[in-house]
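Dear colleague,

Please find below the structure that I am handing over to you.

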Amino acid sequence: MTTQAETRPSAAAKPLRWAADTVATMREGARLHLDYSAQSLWSVDRMIEGIRREGAPGAAVQHVLRGFGAYAGEVVARQTGAEWWASGGDHWIRTPDGRLWDPIDEARRCYGGHGSLRLLCRDAMSTAPRR
């Protein structure tokens, strides 16, 4: 049985809220200004790396990683016209060229030392038309 995927606006509601919460939390707590630019993802990657170096258990930072991933996905959406898709509680970005990206999982990979939200954004934007 296949699950029907949702597109914006319903699929975007949760990731947009997670991204906005992350922007507010980073501004107030870490004094980090996230402006939804591709360049801001350098700071997000460094922030995740810092959390990883502190040795926080993965389970303790899942909420934060979800927010960082949603933020990265929203950067891609704003830069390329991509849309959020959702199915079974998972959320992806679909760029106009039809490719699917999982920025929330990429944030988890980044925390594990094997990913980069900046590079995911660069790759997603490489063939997609820019807005």
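In which strand is Asp-90 found? Asp-90 is in strand E2, which covers residues 90-94. The model is a predicted one, in which local features need pLDDT of at least 70, side-chain atom pairs count only at pLDDT 80 or more, and totals for chains, interfaces and linings use all residues. Residues are numbered from 1 along each chain as its sequence is written, and side-chain values use heavy atoms, with hydrogens and water left out.

Overall composition

The protein has 5 helices and 3 strands. Both are DSSP runs numbered from the N terminus: helices (H or I) have at least four residues and strands (E) at least two. Along the sequence, their order is α-α-α-β-β-β-α-α. Of the 131 residues in the protein, 41% are buried. Here, buried means under 20% relative accessible area, exposed means over 50%, and partly exposed lies in between (1.4 Å probe, protein chains only). Among the contacts in the protein with a separation of 6 or more, 63% are between residues 24 or more positions apart; a contact means heavy atoms within 4.5 Å.

Asp-90 and Ala-77

Asp-90 has a relative accessible area of 44% and is therefore partly exposed. Ala-77, by comparison, belongs to helix H3. Ala-77 counts as buried because its relative accessible area is 3%. Ala-77 and Ala-124 are 47 residues apart in sequence, and their C-alpha atoms are 9.6 Å apart in space.

Packing of the helices

Two packed helices are described by the angle between their axes and the distance between the axes. The axes are lines fitted to C-alpha atoms, for helices over the stretch in contact, and the angles run from 0 to 180 degrees between N-to-C directions. Angles under 35 degrees count as roughly parallel, over 145 as roughly antiparallel, 65 to 115 as roughly perpendicular, and the rest as oblique.

The axes of H1 and H3 cross at roughly 110° and come within 8 Å. H1 is therefore roughly perpendicular to H3. On the side of H1, the contact is made by Pro-15, Leu-16, Trp-18, Ala-19, Thr-22, Val-23 and Met-26, and on the side of H3 by Arg-66, Gly-67, Phe-68, Ala-70, Tyr-71 and Glu-74. The residues of this contact divide into 9 nonpolar, 2 polar and 2 charged. In this division, Ala, Val, Leu, Ile, Met, Phe, Trp, Tyr, Cys and Pro count as nonpolar, Asp, Glu, Lys and Arg as charged, and the others, Gly among them, as polar.

Helix H2 (residues 40-53) packs with helix H4 (residues 103-111) at an angle of about 50°, and their axes are 8 Å apart. H2 and H4 are therefore oblique to each other. Asp-45, Ile-48, Ile-51 and Arg-52 of H2 meet Ala-107, Cys-110 and Tyr-111 of H4. The residues of this contact comprise 5 nonpolar, no polar and 2 charged.

How many aromatic pairs does the structure hold? The structure holds 1 aromatic pair. Rings of Phe, Tyr and Trp (its six-membered ring) pair if their centres lie within 6.5 Å; planes under 30 degrees apart count as stacked, over 60 as edge-to-face, and the rest as tilted. The pair is formed by Tyr-36 and Tyr-71 and is tilted, with 5.0 Å centre to centre and 40° between the planes. It links distant parts of the chain, since Tyr-36 is in the loop between helix H1 (10-29) and H2, while Tyr-71 is in helix H3 (residues 62-80), 35 residues apart. Both Tyr-36 and Tyr-71 are buried.

Ser-40, in helix H2, makes a polar contact with Tyr-71, side chain to side chain, at 2.4 Å. A polar contact is a pair of N or O atoms within 3.5 Å; within protein, one must be able to donate a hydrogen and the other to accept it, and residues adjacent in sequence count only if both atoms are side-chain atoms. A polar atom of the Ser-40 side chain also lies 2.6 Å from the backbone oxygen of Ser-37. Ser-40 counts as buried because its relative accessibility is 6%.

Yours sincerely
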